[in-house]
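Please study the sequence and the structure shown here before reading on.

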Amino acid sequence: MAAAFTLSTTSSTISNSPSISPNSSKLISNFTLPFPTNPQKTTVASLSHRRPFQITNVLSSSDKTILHEQDTFISRFAPDEPRKGCDVLVEALEREGVTDVFAYPGGASMEIHQALTRSKTIRNVLPRHEQGGVFAAEGYARASGLPGVCIATSGPGATNLVSGFADALLDSIPLVAITGQVPRRMIGTDAFQETPIVEVTRSITKHNYLVLDVEDIPRIVKEAFFLARSGRPGPVLIDVPKDIQQQMVVPNWDQPMRLAGYMSRLPKPPSTILLEQVIRLVSEAKRPVLYVGGGCLNSSEELRRFVELTGIPVASTLMGLGSYPCSDEEFALQMLGMHGTVYANYAVEKSDLLLAFGVRFDDRVTGKLEAFASRAKIVHIDIDSAEIGKNKQPHVSICGDVKLALDGLNSILDEKQKVHTNKFNLDFSTWRKELNEQKMKYPLTFKTFGDAIPPQYAIQMLDELTGGKAIISTGVGQHQMWAAQFYKYNKPRQWLTSGGLGAMGFGLPAAIGAAVARPDAIVVDIDGDGSFIMNVQELATIRVENLPVKIMLLNNQHLGMVVQWEDRFYKANRAHTYLGNPDKEFEIFPNMLKFAEACDIPAARVTKLADLREAIQKMLDTPGPYLLDVIVPHQEHVLPMIPSGGAFKDVITEGDGRTKY
């Protein structure tokens, strides 16, 4: 993340910063808050209500709703009634519109859990491990666009959240985590279950707080949510000592935020001059390509309009899938990068203009940097100034909200096409025809071997039977890449995966978060046996909460992606990548159906290709949760593949584990 996001870590340290009043007239005219800070949430029935999702992450001259507290919030306390710090904390969450949290109790966070039982609007979905809780909060955020909230106790409870923080930071996910801490007088004494979680997580959070004054809680919570969802979203940690939770106080809900430095560094609306430069480059190009990432998920409509106006083909990163409809045969090139389609990577290789919107030129996309888009002029638009020029130097760069930039580009294009009907005519049909030839020559494909079920086919079948409308979460490995390739995502926030960090065990808890955030959606965790077992305990949460999460387990008894690398680069020498029982190699081990049975979840196993359709349909038709154990061959490889550090010329399109290399 940009150094601009580094703030002081304790509430007492930042108390002398210049203050910003939520009611400041300057801010009312110059800043648009991503969400209302305090939607009314007063009844249990309102749990199913979700705020309309809208993001504007930049300083703006618009007159839209901005930083203010709605007057409609009804507290269960009288205004001058003292209450515990934990009750102030929970009410602060309510005022931010929080309806769901993922919290696991412990000694240092018991007071917070007691306060949660007194809340009429916040539901706690109890995970069975803190890592499950933070991944579920991420799934909630990824599926809804709202900040996910997780809570854990001190010591090991807090350290179990660490992978989730790193994941959320790398993938730009809005997350607010609250941890209990030992009492202030015991901090630094190596007390029972004490870890300096603020220090542990400093480099993997966007910001963090150690609360040292109970009166700071309202301001800190307000700041935490603002930081989590503004600019480039990310995780924010609030560490609350137990004595602060127990201290009595009359809260001041009108405290101003103290983020003057951060506010001053938020990007301004994109310059019209720079946008005109981009349009000029587009008009001069013969082979332009859009390279879109996770930064475009909130600007899907604007992106579609831009493609409609320009006719430029679209390649998506792993994180950007769904920002443009993958089923659009004319313009969609699917995913690019290491396991991207040949035609997406061909398009970048041959392009003369690369429009990089909401991306960070990740190594899994670029491969060898010098060879990536080496013939192209590059336009880079991103909300985070630290990403511009970090890996690849652009010819034109705009630091700002992609949504506003696309809106500006579309306005310019509309105007030019109205005024200069004959002179301004973008026609890239010849270029698209060339790419279509590549699609015909190198389609995504797979082989079948007798009765064995190709994992790619299982995902294709799921896509067909769900009409491409399901929310898909995954673990990490081969199944993740196949799910990216063979399921067609047509809307943003359908695709939930650990991209930057690549955290195994992500899929099941992320599906929990998605099911809580979007209870009417079909939610399917496409998982591998290695990833699934890392957070298998969350089956208990799914059962107890009766969440309709479907689990399609592609079970090959191996760490598939590592096996693929062993096959390709290590002469197929197996180095601890077999997950079954070596003494009973012909048995499926462990028996995943027994895990489901232990948690009273219906389950079935399918081993033959002819039985697959019926098995998946039964999974989808069964009310509530369901586990389908799909046995697949371990010899399958994810193709195409550009080896790490390679270039397009090194792409591998043939072979599997049945071949010697």
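The points that follow are grouped by topic.

This is a predicted model, in which local features need pLDDT of at least 70 and side-chain atom pairs count only at pLDDT 80 or more, while totals for chains, interfaces and linings use all residues. Residues are numbered from 1 along each chain as its sequence is written, and side-chain values use heavy atoms, with hydrogens and water left out. Helices (H or I, at least four residues) and strands (E, at least two) are DSSP runs numbered from the N terminus.

**The six-stranded sheet**

- Six strands form an open sheet with parallel pairing, in the order S11-S10-S9-S12-S13-S14; two strands pair if DSSP finds at least two bridges between them.
- Strand S11 (332-335) and strand S14 (396-399) are the edge strands, each pairing on one side only.
- From one strand to the next, the twist averages 15°; axes are lines fitted to C-alpha atoms, for helices over the stretch in contact, and angles run from 0 to 180 degrees between N-to-C directions.
- Strand S12 (residues 353-357) and strand S13 (residues 377-382) run parallel and are joined by five bridges; His380 in S13 is the bridge partner of Ala356.
- Helix H11 (residues 272-284) packs on the sheet and touches S12, S13 and S14, with a direction that makes about 140° with that of S14; contact means heavy atoms within 4.5 Å.
- Helix H12 (residues 300-310) also packs on the sheet, where it touches strand S9 (288-292), strand S10 (314-316) and S12. The direction of H12 makes about 175° with that of S9.

- Strand S17 (residues 523-528) is largely enclosed by the rest of the structure, because six of its six residues are buried; buried means under 20% relative accessible area, exposed over 50%, and partly exposed in between (1.4 Å probe, protein chains only).
- In a regular strand the side chains alternate between the two faces of the sheet.
- Both faces of S17 are covered, with Val523, Asp525 and Asp527 buried on one side and Val524, Ile526 and Gly528 buried on the other.
- Strand S15 (residues 471-474) pairs with S17 in the parallel sense over four bridges, and Ile471 stands opposite Val523.
- Strand S18 (residues 549-555) pairs with S17 in the parallel sense over six bridges, and Ile551 in S18 is the bridge partner of Asp525.

**Salt bridges**

- The structure holds 35 salt bridges, each being a side-chain nitrogen of Lys or Arg within 4 Å of a carboxyl oxygen of Asp or Glu.
- One of them joins Asp87 and Arg118 at 3.0 Å, N to O. Asp87 lies in helix H2 (residues 85-95) and Arg118 in the loop between helix H3 (110-117) and strand S3 (123-124), so the pair ties together parts that are 31 residues apart in sequence.
- Asp87 is buried at 4% relative accessibility, whereas Arg118 is partly exposed at 33%.
- Asp87 and Arg118 belong to a network of salt bridges that also links Arg76 and Glu94.
- Arg613 and Glu464 form a salt bridge with their closest N and O atoms 2.7 Å apart. This pair links distant parts of the chain, with Arg613 in helix H24 (residues 612-621) and Glu464 in helix H17 (residues 455-466), 149 residues apart.
- Glu308 and Arg305 meet in a salt bridge of 2.6 Å, N to O; they are three residues apart in helix H12, so about one helical turn separates them.

**Packing of two helices**

- Helix H4 (residues 130-144) and helix H19 (residues 507-517) pack at an angle of about 45°, and their axes are 6 Å apart.
- The contact involves residues including Gly132, Phe135 and Ala136 of H4 and Pro509, Ala510 and Ile512 of H19.

**Backbone features**

- Most residues other than glycine have a negative phi, and most peptide bonds are trans.
- A cis peptide bond joins Phe589 and Pro590, with omega about -10°; Pro590 is in the loop between helix H22 (560-569) and helix H23 (592-598).
- The peptide bond from Leu639 to Pro640 is cis, with omega near 0°.
- Asn546, which is not a glycine, has a positive phi of about 50°.
- His576 has a positive phi near 65° and lies in the loop between H22 and H23. His576 is exposed, with a relative accessible area of 76%.
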